[in-house]
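My notes follow in the order I looked things up.

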Amino acid sequence: MPAIVLIGAQWGDEGKGKATDLLGSRVDYVVKFNGGNNAGHTVVVGDEKYALHLLPSGILSPGVTPVIANGVVVDIEVLFEELDALSSRGVDVSRLKVSANAHVITQYHRTLDKVTERFLGKRQIGTTGRGIGPTYADKINRVGIRVQDLFDVNILRQKVEGALAQKNHMLVKVYNRRAITVDEVVDDLLGYAERLRPMVEDTALLLHQALDAGKTVLFEGGQATMLDVDHGTYPFVTSSNATSGGAVTGSGVAPNRIDRVIGVVKAYTTRVGAGPFPTELFDDSGEFLRANGFEFGTTTGRPRRCGWYDAPIARYTARINGVTDFVLTKLDVLTGLATIPVCVAYEVDGVRFDEVPVSQSDFHHAKPVYEDFPGWTEDITGVRSFDDLPKNARDYVLALEAMSGSRISAIGVGPDREAIVVRHDLIG
């Protein structure tokens with residue numbers, strides 16, 4: 001059975017949770033391989049809406065084993081808050097597995113994230129302030145704390161002492177904040193250890209054994225390709241690899257085990273935080289997309305920046321990830337528009353770019369070159385067959401498919417769980 005990677009193919013918030021949920025009944029494991037609680041998935045089940053931040057979306061699917069793999073940074077307080085919230089609504093969370101090698105977000109990571117971002121002033125990145133970047137920085141600097149360290153108090157104390165020896169100098173002397181004591185960090189983390197212990201496993205081994213046993217494993221990326229630390233709009237990116245390659249390093253599953261890569265794109269484009277965004281709208285059209293698409297961050301509540309569909313970005317993300325199938329979401333949001341522009345290229349200082357410029361400066365100054373498509377007024381939220389979509393909606397989807405570098409295999413036509421049109425099987 002296949003190993004499938006599902007990634008965001010824009011700047012995040014594309015509807016990955018809905019795509020994961022679409023596959024949920026046919027998947028045995030859902031793996032979160034990067035990021036932390038700095039992004040969110042919203043999944044609608046009947047009349048219930050679930051906002052997930054740290055947990056894999058598969059936790060809502062009965063019989064699925066959700067896995068937080070080694071590439072994730074874990075805020076344990078947030079983890080238990082989410083588990084308790086789901087349990088109180090009748091969701092079975094007992095199947096969750098957490099990698100012993102995942103790194104842990106501490107209070108000093110959160111503090112440093114917030115004060116550093118404020119210190120940047122006009123050069124702010126747009127971080128959520130949840131300690132994600134500083135935790136990944138400690139991981140790369142080899143001074144991080146891993147989940148397994150919580151079960152050896154001597155190792156935990158040594159690591160916290162080593163980290164705070166440097167960080168307290170920064171907090172006190174640079175940022176004029178109070179020093180954080182070793183005891184308060186250690187005591188805080190140890191308070192979670194016994195509850196966490198039954199969830200902790202060698203998840204790389206677990207996933208290899210699952211694939212060997214013929215199970216279907218879905219790797220669910222947080223954030224999105226254009227926020228990838230290597231391949232995104234650096235420095236306005238996240239601190240991890242949100243691409244299909246990140247699924248390999250972030251889970252310990254070898255690249256030759258991956259069978260399919262699904263990229264999720266909206267029928268338009270959004271992003272949260274700072275950074276270049278060529279198709280961003282500042283007029284009534286942008287407000288139309290924001291209001292109709294309810295474009296506010298699942299994690300932060302911040303209004304999302306909205307713009308038209310960007311085909312060069314879709315082609316770029318298709319190449320970077322090896323996308324075999326796209327899931328196009330929120331097509332219904334465009335209903336009622338007389339004309340729908342699509343960015344087909346950019347212009348930079350009079351020069352046309354048909355692909356995303358390699359220069360960040362060029363991309364920052366890129367002006368979209370648009371092609372207009374006729375809209376539709378019919379309600380499509382009840383449509384379940386591609387042939388039943390209005391002709392203009394079908395033509396729009398087919399045009400995006402031709403421009404985007406891979407086939408569009410499923411189309412979201414409404415907020416409900418069942419509001420999706422499937423053109424091609426995403427697993428078989």
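**Phe296 and its loop**

I started with Phe296, which is partly exposed at a relative accessible area of 32%. The model is a predicted one, and I read every value with that in mind. I placed Phe296 in the loop between α9 and β13. Then I listed what Phe296 touches, leaving out residues up to four places away in sequence. The list holds Arg290, Gly301, Arg302, Pro303 and Arg304. I also checked Phe296 against Val272, 24 residues apart along the chain. Their C-alpha atoms are separated by 8.7 Å.

I looked at Phe294 next. Phe294 is found in the loop between α9 (284-292) and β13 (305-307). Its phi is positive, about 45°, although Phe294 is not a glycine. Is Phe294 buried or exposed? I found a relative accessibility of 57%, so Phe294 counts as exposed, the cut-off being over 50%.

**Asp13**

I noted another positive phi at Asp13, about 65°, and Asp13 is not a glycine. Asp13 sits in the loop between β1 (3-8) and α1 (16-23). I read 21% relative accessibility there, so Asp13 counts as partly exposed. Buried would need a value under 20%.

**The loop between β10 and α8**

I moved to Asn241, in the loop between β10 (217-220) and α8 (244-249). Asn241 has a relative accessible area of 27%, which means partly exposed. Which residues is Asn241 in contact with, leaving aside its neighbours within four places in sequence? I wrote down Phe33, Asn34, Asp228, Val229, Asp230 and Gly246. For Asp228 I found a polar contact as well: 3.2 Å between its side chain and that of Asn241. I then took the distance from Asn241 to Glu161, 80 residues apart along the chain. The C-alpha atoms of this pair are separated by 29 Å.

Pro235 has its place in the loop between β10 and α8 too. I checked the peptide bond that joins Tyr234 and Pro235 and found it cis. Omega is about 10° there.

**Thr317**

I went on to helix α10 (residues 311-321), where Thr317 has its place. Thr317 shows 0% relative accessibility, so I logged Thr317 as buried. What is Thr317 in contact with, once neighbours within four places in sequence are left aside? I got Ala9, Thr225, Met226 and Val323.

**Whole chain**

I counted 12 helices and 20 strands in the chain. The C-alpha atoms fill a box of roughly 65 × 50 × 40 Å, taken along the principal axes. How does the radius of gyration agree with a compact globule? With 428 residues, such a globule would have a radius near 22 Å, and the chain has 22 Å, so the two agree.

I then looked up burial: 57% of the 428 residues count as buried. For contacts with a separation of 6 or more, I found that 75% come from residues 24 or more positions apart. The accessible surface of the chain comes to about 17,300 Å². Carbon and sulfur atoms hold 51% of that surface. My last entry is on charge. The chain has 45 positive and 54 negative charges, and their mean positions are 4 Å apart.

How values were computed:
Residues are numbered from 1 along each chain as its sequence is written. This is a predicted model: local features need pLDDT of at least 70, side-chain atom pairs count only at pLDDT 80 or more; totals for chains, interfaces and linings use all residues. Side-chain values use heavy atoms; hydrogens and water are left out. Helices (H or I, at least four residues) and strands (E, at least two) are DSSP runs, numbered from the N terminus. The radius of gyration is taken over C-alpha atoms; the globule rule is 2.2 Å times the number of residues to the power 0.38. Buried means under 20% relative accessible area, exposed over 50%, partly exposed in between (1.4 Å probe, protein chains only). Contact means heavy atoms within 4.5 Å. Accessible areas come from the Shrake-Rupley method with a 1.4 Å probe; for residues, only the protein chains shown count as cover. Lys and Arg count as positive and Asp and Glu as negative; His and the chain ends are not counted. The place of a charge is taken as NZ of Lys, CZ of Arg, CG of Asp or CD of Glu. A polar contact is a pair of N or O atoms within 3.5 Å; within protein, one must be able to donate a hydrogen and the other to accept it, and residues adjacent in sequence count only if both atoms are side-chain atoms.
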